[in-house]
Amino acid sequence: MAETVNEPPVMTTPADLEARLIGVETALHELQCRLATLSPAPNWLDEIIGSFTDEPVFDEVIALGCAFRASQPYPDESGASA
């Protein structure tokens, strides 16, 4: 019967524990080596800045957002206790 995810394997001897630890350390070392060779991910914000510049409705969207925020009361003006 296969082990379930919720039940860790039983470790009966220090040798079993040592063998598992060696496996974990090996996997960790492999991951560290792979991460060291990856190029840094591009900044997603740099990729989208200015992407709506040529959209004709962009200014309208900004104006509507500003109008909506201006119509909402500030938390301290709403009468609700914090």
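Which backbone oxygen does the side chain of Ser 51 reach, and at what distance?

What we have here is a predicted model, so local features need pLDDT of at least 70 and side-chain atom pairs count only at pLDDT 80 or more, while totals for chains, interfaces and linings use all residues. Residues are numbered from 1 along each chain as its sequence is written, and side-chain values use heavy atoms, with hydrogens and water left out.

On confidence, pLDDT being the predictor's own score per residue from 0 to 100, the protein averages 84, and 83% of its residues reach 70 or more. Helix 2 has the lowest confidence, at a mean of 89, and helix 1 (residues 14-37) the highest, at 94.

The fold, then: three helices and zero strands, running α-α-α from the N terminus.

Now, burial. Buried means under 20% relative accessible area, exposed means over 50%, and partly exposed is in between, with a 1.4 Å probe and protein chains only. Of the 82 residues, 1% count as buried. The protein exposes about 8100 Å², and carbon and sulfur atoms supply 63% of that; areas are Shrake-Rupley with a 1.4 Å probe, and for residues only the protein chains shown count as cover.

Okay, back to Ser 51. Its side chain reaches the backbone oxygen of Ile 48 at 2.7 Å. Ser 51 sits in the loop between helix 2 and helix 3 (58-71) and is partly exposed at 41% relative accessibility.

Last thing, the aromatics. Rings of Phe, Tyr and Trp (its six-membered ring) pair if their centres lie within 6.5 Å; planes under 30 degrees apart are stacked, over 60 edge-to-face, and the rest tilted. How many pairs does that rule give? The count is one aromatic pair. Phe 52 and Phe 58 have ring centres 5.9 Å apart and planes at 5 degrees, so they count as stacked.

Conventions
Helices (H or I, at least four residues) and strands (E, at least two) are DSSP runs, numbered from the N terminus. A polar contact is a pair of N or O atoms within 3.5 Å; within protein, one must be able to donate a hydrogen and the other to accept it, and residues adjacent in sequence count only if both atoms are side-chain atoms.
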